[in-house]
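Colleague: I have a few questions about this structure. Can we go through them one by one?

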Amino acid sequence: MADMYLNYIGGAWKPSHTGQTFERRNPATGDVDGVYTSSDAQDIDEAVAAAREAFKTWRLYPAPKRGEILFTAARILESRKEEFAREMTAEMGKVISEARGDVQEAIDMAYYMAGEGRRMFGQTTPSELRNKFNMSVRKPIGVCGFITPWNFPMAIPSWKMFPALVTGNTVVIKPATFTPKLTIRLVEVLVEAGIPAGVVNVVLGSGSAVGEPLLHHLDVPVISFTGSTETGKSVAIAAAEHNKRLTLEMGGKNAVIVMDDANIDLAVEGILWGAFGTSGQRCTATSRVIVHRAVQQELASRLAARAEKMTIGNGLDESVDVGPVVSKGQLETIQKYVAIGKDEGAKLIAGGGIATDGDLGKGFFHEPTIFDDVTRDMRIANEEIFGPVLSLIPVDSLDVAIEIANGVEYGLSASIFSQNVNNAFRAMQDINTGILYINAGTTGAEIHLPFGGTKATGNGHREAGTAAVDFYTEWQSVYVDYSGKLQRAQIDTVE
Ligand code: UN1
């Protein structure tokens, strides 16, 4: 019998009043991995009410003390890293080394935000008038509603929860139905670390039954969403209706540029890691390689040879390179794009099929797939596939490479492999993405820098680092007049 997992509302684990449940199966084996309470708007109402009540005291709890709870959470996460990583691999398929990285990202974020409890810097400024003092202070906003995806089950909830909490907000989170377990683990850790009742609440269930009411709730002034561009657009419309503060982190079609002077050994490593890590299911995954024609053949043949040799299997096996994709639906989408690529006339040079050998047939495995001679107008060169499919697009110059890199609707991550510092700085100047790598693949953002993208990837906000502190706080500008008389700004000017 698989374990049963519940909502956490107002400091208590409890089943939804619906009495319904849903189950999650391991995408590598098809075995039931967990059974979860299935909630609806009434559970959201209850969770938001609890978070609203808790906000009254949490906002006044000293920020350094809030940070200390996160510090304790970081220590607990560290001590349970291996256990959580294994659960993550079983829940959504990413290989164990990457699952450890996912937990590590939550640990890093907890330590970073713990320190932020002693910073949360504002400004002090001079006044135009005598005997007057000016400053700005950060204030928490209220209840934050989080809708999180399945591809980074612990990292992404931590990017949202930890900065929100340290700055004094309270939280209601709805994790993806594919990965509720790792959010529950994160909340358990926070509870063990001493987070007071009602400050963090988790409600499990589908986007329509739970995500929608959370999004529309009038007592939730802040929403943060990571997921598809299509859903993100409707989230933005709903948030705008009630003037909610919103971060969106959506799709990507991330390009690696390989110049004729690149270190090809390094480029091969960086591209394979970026394209096939997490089976291509990262927002930051490398899905296009824009390659100088002078090195196209060499790069294509080396990538293809390596991709064909990658070990596909259950990610709990340390020797496996590529785990399953998250679901049957995802496998079908990938297959649809492979067919589209073939129809469009791209040259399939590696993979292309569903992997079914032996036990693989029980799960959702797809071969690492590479198309060569892709042109910029093809659908496989423009649409996010979210699977292990890579397109090689040949070009004759850096100018054209940059134009193609920028020529998609998304703007999350990009990279350039070149030994020439001028090329690297040109790329930095002209590539329009939120993240750029020089001589590395498109994945691997660290938590203390802003994370997010331009154009259809985001809405101008960034997560992580100090950008997150900005997002989760309101500025209050405070003017203290100690002159004992009315001094009118802009009128009683000092001569
Ligand atoms: C995502 O795919 O949504 O930079 C997050 C990276 C990871 C985070 C990816 N640190 O690839």
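The chat below covers the ligand site, one lysine and one surface patch.

Modeller: Go ahead, but keep in mind that this is a predicted model.

Colleague: Which residues come nearest to the ligand?

Modeller: There are 13 residues around the ligand, and the nearest are Arg282, Cys283, Thr284, Gly444 and Ala445.

Colleague: What lies 2.7 Å from an oxygen atom of the ligand?

Modeller: A backbone N or O atom of Cys283 does. A backbone N or O atom of Ala445 also lies 2.7 Å from a ligand oxygen atom.

Colleague: And which side chain has an N or O atom 3.4 Å from an oxygen atom of the ligand?

Modeller: That is the side chain of Asn151.

Colleague: How much of the ligand does the protein bury?

Modeller: Taken alone, the ligand exposes 320 Å², and the protein buries 99% of that.

Colleague: New topic. Where is Lys181 found?

Modeller: Lys181 is in helix H6, which covers residues 180-193.

Colleague: Why does Lys181 count as buried?

Modeller: Because its relative accessibility is 6%, and buried means under 20%.

Colleague: What is Lys181 in contact with, leaving aside neighbours within four places in sequence?

Modeller: Lys181 is in contact with Tyr5, Asp33, Tyr36, Glu87 and Glu91.

Colleague: Now the surface. Which residues make the nonpolar patch of about 290 Å²?

Modeller: Phe133, Val480 and Tyr482 make that patch. Phe133 sits in strand E7, residues 132-140.

Colleague: Why does Phe133 count as partly exposed?

Modeller: Because Phe133 has 37% relative accessibility, which falls between the 20% limit for buried and the 50% limit for exposed.

Conventions. Residues are numbered from 1 along each chain as its sequence is written. This is a predicted model: local features need pLDDT of at least 70, side-chain atom pairs count only at pLDDT 80 or more; totals for chains, interfaces and linings use all residues. Side-chain values use heavy atoms; hydrogens and water are left out. Helices (H or I, at least four residues) and strands (E, at least two) are DSSP runs, numbered from the N terminus. Buried means under 20% relative accessible area, exposed over 50%, partly exposed in between (1.4 Å probe, protein chains only). Contact means heavy atoms within 4.5 Å. Patches are made of residues with over 30% relative accessible area and no salt bridge: like charges are joined within 9 Å, nonpolar side chains (Val, Leu, Ile, Met, Phe, Trp, Tyr) within 5 Å. Accessible areas come from the Shrake-Rupley method with a 1.4 Å probe; for residues, only the protein chains shown count as cover. A salt bridge is a side-chain nitrogen of Lys or Arg within 4 Å of a carboxyl oxygen of Asp or Glu. A residue is near a molecule or strand if one of its heavy atoms lies within 4 Å of it. A polar contact is a pair of N or O atoms within 3.5 Å; within protein, one must be able to donate a hydrogen and the other to accept it, and residues adjacent in sequence count only if both atoms are side-chain atoms.
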